[in-house]
Amino acid sequence: MTMTSLQADTLYRTCTLNGLDAELSSTKHLAPLNEIVGQERAQQAVEFAMSIKEKGYNIFAIGRNGLGKRTMVLRYLNRHDPNGDASPLYDWCYVANFEETRTPKLLKLKPGTGMPFKKDVEKLMLRLVKALPLAFDNEMYYSRSEQLKNQLAEKQQTALGNLTAEAKEQSVSLTLTTQGDYQLVAMNGEEPHTEESFVALPEDEQEKFEAIITALEVKLRGIARQLTDWEEEFSDKIQKLNEEVALEVVSHFVKPLKKQYRGHTEIKDYLTAMQKDILENLDIFLEESEDQVALSYAALDKKMPRRYQVNVLVSQESEHFPIVVEESPNYHAIFGYIENATYKGTVFTDFSLIRSGSLHRANGGVLLMDAVKVLERPYVWDGLKRALRSRKLNLSSLEREVTLSGTISLEPEPIPLDVKIILFGDYQTYQLLVHYDPDFSELFRVTADFEDEMERTDETELQYARFISSIVHDNGMLHCDRKAIARIIEYSSRQAEDQNKLSLHSADIANLLRETNYTAKAANANMIRVAHVEQALQRQEKRVSRLQDQMLHTFRNGTTLIDTQGDVIGQINGLSVVSTSDHRFGLPNRITATTSWGEGEVMDIERSVKLGGRIHSKGVMILTAYLSSLFGKSARIPLTTHLTFEQSYGGVDGDSASMAELCAIISAFSGCPINQSIAITGSMNQFGQAQPIGGVNEKIEGFFDVCTIKGRHSNQGVIIPQSNAHNLMLRKDILTAVDKGDFHIWAISHVSEAISLLTGKDAGEWLDGNYPPESVLGIAQNRLNAMRK
């Protein structure tokens with residue numbers, strides 16, 4: 001049976017850029033693409049979610065890293081026009097709550113109002129800090145306060161003078177001790193009685209003096225109480241005087257500010273409360289208590305009291321809704337936190353030490369985060385769900401939540417939350433969240449599923465060329481000529497493993513362009529040409545191909561046994577793919593099958609020693625079923641077959657060797673040798689139909705490289721499933737060899753075609769209960785029948 005191998009022009013799809021105008025010779029003249037190519041489905045999902053304001057329509061963007069998920073979303077958001085449907089934006093400020101200091105008051109202000117208001121209050125405070133002391137340091141104030149002091153002193157002197165005179169008439173002296181206490185002492189003429197002289201007095205005189213002093217002490221205590229009342233009355237009058245003086249000063253400065261912000265009710269209410277508090281806390285401005293004043297000014301850059309600071313948590317600089325990307329989504333970075341300050345060994349906090357998080361800054365807009373990073377950080381996921389459910393931002397201390405200590409902390413008023421969350425993650429993360437977190441589907445109702453590849457047509461090639469142009473323009477690279485653009489598009493098809501597809505893994509294309517740009521600049525070129533692209537690709541492969549070179553060396557020195565010419569019974573060259581973290585390559589594997597008298601079993605040695613994976617074991621079972629349908633229609637097959645990958649010491653998985661294994665078994669059954677010049681890859685079903693496999697390009701290239709090492713001749717080639725023909729994007733040296741007839745690639749649709757190619761004989765078809773006696777299956781059938789007899 002003869003089969004025609006594939007032509008060279010079918011093994012690689014060249015990019016002709018038919019959709020690109022002939023006069024456009026480079027990316028310099030090609031308009032950059034403003035959106036990520038090929039992600040229309042994901043973009044529509046983002047548009048849908050952004051247009052719905054109800055709770056729960058947050059977005060989970062699914063796709064492998066490098067697909068440009070974040071870039072696409074950011075580009076869409078940056079040009080997204082809410083058309084008046086955008087959430088209203090506000091400036092959010094915290095100020096002191098003068099009635100309850102533990103719950104700072106929240107001010108919701110019009111966009112762009114927060115910072116000017118903060119500066120206005122700072123100016124007001126700086127003026128008051130200077131003006132209030134001056135108001136109490138002038139002759140008018142001194143005169144009025146002195147008058148009050150004199151009135152008090154006069155009352156005190158009159159009351160004490162009357163008592164002193166009354167006591168003197170009764171020979172008793174009223175004196176003031178060095179400790180500041182009043183003392184009543186009996187007089188002995190002009191001198192006070194000593195203890196000896198008083199004892200020497202007659203008893204009735206002593207009793208008289210004691211009664212007089214007792215009566216005077218009662219009056220003295222009454223006068224002392226009256227003095228206290230007068231002092232309190234004096235303090236009230238001084239306080240009233242101070243408030244009158246201060247009110248005149250404060251209202252003079254506050255009144256214009258109230259007028260300026262007359263349209264802002266919250267600001268006017270705050271200014272009224274602040275004015276009242278200033279009058280009640282004048283000592284802060286007059287510096288009457290050094291320690292208290294020092295603490296009230298501590299740790300602030302400006303000379304103004306802390307309690308009158310305006311803490312602008314969020315300031316909207318423009319009307320465009322905020323777009324925030326949080327690279328490090330820890331608890332404090334997202335939800336904000338309350339700092340502590342230390343002053344002279346005293347740790348304290350207040351509303352001015354409240355700091356915003358990314359949710360505060362994104363309020364009214366969009367917050368973008370990486371899902372895995374969010375899930376890795378403690379308490380973040382629960383906090384995020386709580387905020388989205390309540391639609392409020394409660395700024396609570398994480399330390400207080402996670403410890404048992406009862407430390408005093410602030411409880412600021414919660415901020416209303418209206419934000420869209422966009423999480424970026426892969427399929428595994430998405431499935432885990434759906435499976436294990438029932439809240440996830442309620443809070444993230446929109447999935448933006450990013451494609452890995454797109455159809456390759458003239459129109460999409462043009463789009464891809466514009467995408468390349470956008471990378472070049474955005475990064476200030478040298479421009480690419482037409483051939484370089486075409487080569488990069490061909491590379492994209494190779495990455496997609498399909499002639500009719502283009503890879504959407506934009507990170508790979510961007511990296512290739514950066515390396516190509518470096519190569520071109522190193523060669524002092526003024527433009528990126530196809531030779532620079534090829535050189536960059538070669539260098540890229542060189543960096544990651546150490547393991548490939550080592551394994552190819554084992555074929556060169558004979559450590560790994562392989563035949564690339566001659567004929568052997570029960571032996572065939574299968575093809576496999578070896579993958580590292582950043583590279584994969586193909587290599588041939590010798591597969592052998594031996595037979596012995598038995599019950600028709602196929603013993604998979606790989607499975608027996610637990611080196612075979614489940615998919616590989618399934619492939620062996622399928623070929624066993626097909627083998628039974630060939631030779632076991634009327635009687636049991638009297639042979640046991642042992643099947644193995646020679647010199648395979650690691651795990652084997654996948655079913656892409658099942659056709660090769662079947663051919664080796666048929667060879668062992670029939671005694672027809674297999675041509676070692678040909679390698680085969682492909683899986684099969686129970687009817688013998690060839691099924692597609694992955695890594696077909698790498699497998700063909702791996703066998704070609706080994707043939708080059710062992711010695712090339714014109715009969716060598718590879719058999720692949722017909723359904724893999726569109727996946728071929730082979731190296732140029734293989735295309736040249738195929739074009740010259742020095743290497744062959746056959747595409748088959750049934751395993752019988754492979755048997756014919758490998759043995760050089762017709763495989764044979766079942767007819768009237770037998771296979772043709774000269775066919776491979778006929779020879780095998782006759783041998784089995786002889787054994788059965």
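## Cysteines, shape and a few residues

Colleague: How many disulfides does a search of the whole structure find?

Modeller: Keep in mind that we are looking at a predicted model. A disulfide needs two cysteine sulfur atoms within 2.5 Å. Searching the whole structure for such pairs gives a count of zero.

Colleague: Which cysteine has the sulfur nearest to that of C15, and how far away is it?

Modeller: C15 takes part in no disulfide. Its side chain belongs to a buried residue, with a relative accessible area of 6%. The nearest cysteine sulfur is that of C480, at 13 Å.

Colleague: And C707, is that residue buried or exposed?

Modeller: C707 is in no disulfide either, and the nearest cysteine sulfur, that of C663, is 17 Å away. Buried means under 20% relative accessible area. C707 has a value of 0%, so the residue is buried.

Colleague: Let's step back to the whole chain. How many helices and strands does it have?

Modeller: Both kinds of element are present here. The chain has 28 helices and 30 strands.

Colleague: What is the radius of gyration of the chain, beside that of a compact globule?

Modeller: A compact globule of 789 residues would come out near 28 Å. The C-alpha trace of this chain spans about 160 × 70 × 50 Å along its principal axes. The radius of gyration of the chain is 47 Å.

Colleague: What share of the residues counts as buried?

Modeller: The chain exposes about 39,300 Å², and carbon and sulfur atoms supply 49% of that area. The burial count is a separate figure, taken over the 789 residues. The share that counts as buried is 49%.

Colleague: Among contacts between residues at least 6 apart in sequence, what percentage joins residues at least 24 apart?

Modeller: Contact here means heavy atoms within 4.5 Å. Taking the contacts in the chain between residues at least 6 apart, the part that joins residues at least 24 apart is 77%.

Colleague: How far apart are the mean positions of the positive and negative charges?

Modeller: There are 85 positive and 107 negative charges in the chain.

Colleague: Now for some single residues. What is the phi of Y379?

Modeller: Y379 sits in the loop between α12 (371-376) and α13 (380-390). At 48% relative accessibility, Y379 is partly exposed. Although Y379 is not a glycine, its phi is positive, at about 70 degrees.

Colleague: Where is R391 in the chain?

Modeller: R391 is a residue other than glycine with a positive phi, near 55 degrees. It is partly exposed, with a relative accessible area of 32%. R391 belongs to the loop between α13 and β14 (392-393).

Colleague: Which residues does V434 touch, not counting residues up to four places away in sequence?

Modeller: V434 lies in helix α15 (residues 427-436) and is partly exposed at 34% relative accessibility. F444 is 10 residues away in sequence, with a C-alpha to C-alpha distance of 9.9 Å from V434. Setting aside the residues up to four places away, V434 touches F440 and S441.

Colleague: What does I59 contact, leaving aside its neighbours within four places in sequence?

Modeller: I59 is in strand β1 (residues 59-62), and at 1% relative accessibility it counts as buried. Its C-alpha atom is 30 Å from that of E459, which is 400 residues away along the chain. Beyond those sequence neighbours, I59 is in contact with V46, A49, I421, I422, L423, F444, V446 and A448.

Colleague: Is G651 buried or exposed?

Modeller: G651 is placed in the loop between β24 (639-645) and α24 (658-670). From G651 to K761, 110 residues apart in sequence, the C-alpha distance is 34 Å. Over 50% relative accessible area counts as exposed. G651 has 69%, so this residue is exposed.

Colleague: Last one: which residues are in contact with M527, leaving aside its neighbours within four places in sequence?

Modeller: M527 lies in the loop between α19 (506-522) and α20 (530-544). G711 is 184 residues from M527 in sequence and 40 Å from it in space, C-alpha to C-alpha. With the sequence neighbours left aside, the contacts of M527 are S26, L478, H479, C480, D481, A520 and H532.

Definitions and conventions: Residues are numbered from 1 along each chain as its sequence is written. This is a predicted model: local features need pLDDT of at least 70, side-chain atom pairs count only at pLDDT 80 or more; totals for chains, interfaces and linings use all residues. Side-chain values use heavy atoms; hydrogens and water are left out. Buried means under 20% relative accessible area, exposed over 50%, partly exposed in between (1.4 Å probe, protein chains only). Helices (H or I, at least four residues) and strands (E, at least two) are DSSP runs, numbered from the N terminus. The radius of gyration is taken over C-alpha atoms; the globule rule is 2.2 Å times the number of residues to the power 0.38. Accessible areas come from the Shrake-Rupley method with a 1.4 Å probe; for residues, only the protein chains shown count as cover. Lys and Arg count as positive and Asp and Glu as negative; His and the chain ends are not counted. The place of a charge is taken as NZ of Lys, CZ of Arg, CG of Asp or CD of Glu.
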